Amino acid sequence: MNFDYTEEQNMLKDSVARFVQDQYDFEARCKVAALEEGYSADNWKTFAELGWLSIPFAEEHGGFGGNVVDTMLLMEELGKGLVLEPFLATVVLFGGLLSRGAADQQQYIGSVIEGSLQGAFAYAERQSRFNLNDVATQAIANGDGYRLNGEKIVVLNGAVADKLIVSARTSGSQLDSAGISLFLVDANAKGVARQGYRMMDGQKVANILLQDVEVTSADLVGELDQGLALMQSVISEATVAVGAEAVGIMDKLQATTVEYTKTREQFGVAIGSFQALQHRMVEMFMACEQTRSLLYRAACSQSADQAQADRDVLALKVMVGRAGKLVGDEAFQLHGGIGMTDELDVGHYVKRLMMINTLFGDADFSQQRFAELAG
Amino acid sequence: MDTTFSAEDLAFRDEVRAFLTEAYDDDLKARLADKATYKEAQIEWQRRVNAKGWAAPGWPAEYGGCSWSATQSFIYENERSAAGAPDMLPFGLKMVAPVIYTFGNDEQKQRFLPRILNSDDWWCQGYSEPGAGSDLASLKTRAEVDGDDYIVNGAKIWTSYAQYADWIFCLVRTDSSGKKQDGISFLLIDMKTPGIKVNPIIGIDNRHTLNEVEFNNVRVPKANLIGEQDKGWTYAKALLAHERTAIAGVAASKKELAEIREIAGRELSGGIALSSDPLFQKNLTDIEIELMALEYTELRVLAKAASGAHPGPESSLLKIKGTEIQQALQKLRLDVAGHYAGIQTEEAVGNEYADKARVDYMYGRAATVYGGSNEVQKNIIAKFVLGLK
Ligand SMILES: Cc1cc2nc3c(=O)[nH]c(=O)nc-3n(C[C@H](O)[C@H](O)[C@H](O)COP(=O)(O)OP(=O)(O)OC[C@H]3O[C@@H](n4cnc5c(N)ncnc54)[C@H](O)[C@@H]3O)c2cc1C
């Protein structure tokens, strides 16, 4: 048993860390956040050149053939730099679904790897909250294809994506597990209307209205009516990925806070010398370590039996939400007034951590699913 | 032991309700919500309340207070919050005015108190400095005597709403030879005086409420000194207890709790209302029970105050618990918003309460920091209530 990275993995980790250090300091990040698209096309090109966009894809699709640990390493380092480029949306979610699709769809993987195609996975709806099975968007058979009607909300990267993968109901009623299908939709297709806006972590998202959007049966991703399992499996991978990002952020917040309390003086001493604060930073530290342990646990069990893997991922998501809240709260509190300013990076890290909590189901939701799986 | 309302109390409640219905109208609500009109709307609101004679219930009657019983104060706060009407801004009414009527001279009382009541002057609080936060007494902004004036140099920070302010009340150093608490003086400074510069600070809620205020050879008449020179720390300390009780916000939290419960009744999860989800119910009622307790803790403090006692270390308890509850409610509101939590846009995207959830959550982080951080409050309780040294 060991928790060591391979030499190749260490190289990957170093290369991402170096990028963040050299090209993505807080000032650079603020500039990226101010861009209309919500990310920098130049950075995206760099990601492609460094081969990062190919990591999770199979070699037969032109990918690097990486495993869950490779993605995890990358995401953790991206987290430390609060990187806004849509790796999660385009590579992990959209790319993950393409990989599970038909040969015709897999051909787009090359463009993703090259950095020339942006994608988004549109699944959440106004009434669905975090329930993936709650799909009101309809796909009605129409000749050789389908006609899509409905609305998707808070779609990551949805405002700039070239292609979307959309969940829609092909049979059954709104909450049924069966009867959901996934479709590859051109973002500029007739009947697609997008309203882009920002979330507090700087991410550009969109609400997407689908009005009589026509797709063919070749656009079906995976089996008809069997979309839920595909969604769950890709979201499971994505949850580990954002769990890694969260661990990177939490470590960063913890280190920043400890550093600050060593230098900030009140009452003639560094505030870090107050035991009341020391204990709280110890709690932060333990929260980070416990979360990292569940991250490794979830990463290790991805190849194990499905039920165990699902529980491990949910446990990670719960911990990311709860331990992340503790770390964020304490980082704010221990910084005092300065922590309340937009100018300091602390608030930006906390906001991203909070958004990760909401992604794919918050701590409460995930804990309930976890309890249900306890059997 | 009895907390039932008397017939007079009930009549008073009706009077408050009738007043709020009339004075807090839709037009004012809209103007308060709009950045561009916020300041004048807040002033107008205070003037309407002042016309009724209720702007400063806690002041001594001779200066315009209401001599309300603890029950009446409780009723007023509850009704105001339930109506969604904003509190009066505390800087004039609850912070500087008690110092003026307790330690100021007659001329200062006549000059400032009526204008504070009617919101003719907008006040801000100039205490904190970059190097003096929790350790406020280490402040360095200095005032040197020059004939009939003081010359003030230095900088204040985190000054809420200084961008709107006509006046700032400041703690300044007039002597640095002895203990740091000695040698501090309490000065009232006209914000229009040459040499004052206000630099905005944008908060994590992406709004502008905070500022840095620079003083560059600012000339302040000696007539604006409160009480004695070098004795300002004693005056300021008396004032901090007022500020802390004001921060507890029990009535506002009750209103927020009710609102969240109502929103959760509309928000669906798995086709059923979130309000019937057991985990949500636990989260909500955990807070509710703490709040029920705090409501009575506050009543106990109020009853004691009504019998003439000054708010003491108990006010620290109200501040800690009150702000913890506020933050728990802000987190819950954000959680209820689901995917829309953290939305940051002026565009209408179909969730009217989520943007407020983000702003409140972010601004709310400060409540455990300002007014003396919660850690400092705990130190106060440990020392003065529990006798721990
Ligand atoms: C939104 C907002 C509005 C404000 N408005 C005003 C205003 O209008 N006017 C004004 O004058 N000031 C205002 N303040 C300033 C506020 O009073 C200070 O932020 C506060 O006193 C804390 O000081 P600091 O920020 O320097 O933090 P620090 O004092 O540096 O504290 C940092 C951390 O150390 C902890 N700490 C400090 N000392 C101890 C100790 N002895 N034991 C244990 N823990 C300790 C604190 O609790 C905090 O967690 C405002 C602040 C905020 C955030």
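Okay, let's start with one residue: B:Cys124 is buried, at a relative accessible area of 0%. Buried here means under 20% relative accessible area, exposed means over 50%, and partly exposed is in between, with a 1.4 Å probe and protein chains only.

Before I go on, some housekeeping. What you see is a predicted model, where local features need pLDDT of at least 70 and side-chain atom pairs count only at pLDDT 80 or more, while totals for chains, interfaces and linings use all residues. Residues are numbered from 1 along each chain as its sequence is written, chains are lettered from A and ligands numbered from 1 in the order in which they are written, and side-chain values use heavy atoms, with hydrogens and water left out.

Back to cysteines. A disulfide is a covalent bond between the sulfur atoms of two cysteines. The cut-off is a pair of cysteine sulfur atoms within 2.5 Å. B:Cys124 is in none, as the nearest cysteine sulfur, in B:Cys170, sits 7.3 Å away.

Now chain A as a whole. You'll find twelve helices and ten strands in it; those are DSSP runs numbered from the N terminus, H or I of at least four residues for helices and E of at least two for strands. Its radius of gyration is 21 Å, close to the 21 Å from the globule rule for 375 residues, so chain A is as compact as a globular protein of that length. That radius is taken over C-alpha atoms, and the rule is 2.2 Å times the number of residues to the power 0.38. Buried residues make up 57% of the 375 in chain A. Take contacts in chain A with a separation of 6 or more: 73% of them join residues 24 or more positions apart, where contact means heavy atoms within 4.5 Å.

Let's zoom in on two residues there. A:Ala244 lies in helix H8, residues 227-263. Is A:Ala244 buried or exposed? Buried, at 0% relative accessibility. Leaving aside neighbours within four places in sequence, A:Ala244 is in contact with A:Met72, A:Met75, A:Glu76 and A:Leu295. A:Gln21 is in helix H1, residues 7-23, and counts as exposed at 64% relative accessibility. From A:Gln21 to A:Leu228, 207 residues along the chain, the C-alpha atoms are separated by 39 Å.

Chain B next. Its secondary structure comes to twelve helices and ten strands. The radius of gyration of chain B is 22 Å, close to the 21 Å that the globule rule gives for 389 residues, so chain B is as compact as a globular protein of that length. Its C-alpha atoms fill a box of roughly 75 × 50 × 50 Å along the principal axes. Of the 389 residues in chain B, 51% are buried. For contacts in chain B with a separation of 6 or more, residues 24 or more positions apart account for 70%.
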